[in-house]
Amino acid sequence: MDVKITEKKESPLLYRTEIMADITGEKATPSKDELKKKCASILKADEKLIVVKKITTSFGSTNAKAVLYQYKDEKKLKSIEPKE
C-alpha cells in the first residue's frame, strides 16, 4: 500500500490538521487501522492522535481517497470525536 498526502489544512478552532490522502494498493482497500499506522509513520506523529474519518473507493478499483484528522493532544481528540 502506498499513501500520498495530497492536502493538509489547519483547523485551529478544533485543534487539528485535516489531511487528504491518495491510496494505491495491490489488494483490497486497507482497514482504518492499517491506514492509521501508515499515516502516523509518514507524518511522524503519534498513532493515538490520528483519526481516519473516511475511505472512499470506486467499485473494482484498488485506488482510494481518505480523510484523516491529526489532533494536537489526546484531551482535545476525546472531547471532539464521538465515542466508537
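Me: What makes Arg16 count as buried?
Reply: Its relative accessibility is 8%. A residue is buried under 20% relative accessible area, exposed over 50% and partly exposed in between, with a 1.4 Å probe and protein chains only, so Arg16 belongs to the buried class. Please keep in mind that this is a predicted model, where local features need pLDDT of at least 70 and side-chain atom pairs count only at pLDDT 80 or more, while totals for chains, interfaces and linings use all residues. Residues are numbered from 1 along each chain as its sequence is written, and side-chain values use heavy atoms, with hydrogens and water left out.

Me: Why is the contact of Arg16 with Glu81 called a salt bridge?
Reply: The closest N and O atoms of Arg16 and Glu81 are 3.7 Å apart. The term asks for a side-chain nitrogen of Lys or Arg within 4 Å of a carboxyl oxygen of Asp or Glu, so the pair qualifies. Arg16 is in strand 2 (residues 16-24) and Glu81 in the segment after helix 2, which makes this a link between distant parts of the chain, 65 residues apart. Helices (H or I, at least four residues) and strands (E, at least two) are DSSP runs, numbered from the N terminus.

Me: Is Glu81 buried or exposed, and how do you know?
Reply: Buried, because its relative accessible area is 12%.

Me: What other residues are in a network of salt bridges with Arg16 and Glu81?
Reply: Lys9, Glu18 and Lys53 are linked in that network with them. Within it, Glu18 pairs with Lys9, with 3.8 Å between the closest N and O atoms. Glu18 counts as buried at 14%, whereas Lys9, at 43%, is partly exposed. The whole structure has eight salt bridges.

Me: What makes the salt bridge between Glu10 and Lys72 a tie between separate parts of the chain?
Reply: The distance from N to O in this salt bridge is 3.2 Å. Glu10 sits in strand 1 (residues 2-11) and Lys72 in the loop between strand 4 (63-71) and helix 2 (74-80), so parts 62 residues apart in sequence are tied together. Glu10 is exposed at 53%, and Lys72 is partly exposed at 48%.

Me: Which residues of helix 1 are buried, and how do you know where they lie around the axis?
Reply: They are Leu35, Cys39, Ala40 and Leu43. These residues cover an arc of only 135°, so they lie on the same side of helix 1. That arc is taken from the directions from the helix axis to the C-beta atoms. The face turned away from the buried side carries the exposed residues Asp33 and Lys37.

Me: What makes the phi of Tyr15 worth a look?
Reply: It is near 55°, a positive value in a residue other than glycine. Tyr15 is in the loop between strand 1 and strand 2 and, at 37%, is partly exposed.

Me: Where does Lys44 lie, and why is it called exposed?
Reply: Lys44 is in the loop between helix 1 and strand 3 (50-57). Its relative accessible area is 75%, so Lys44 counts as exposed. The phi of Lys44 is also positive, near 55°, in a residue other than glycine.
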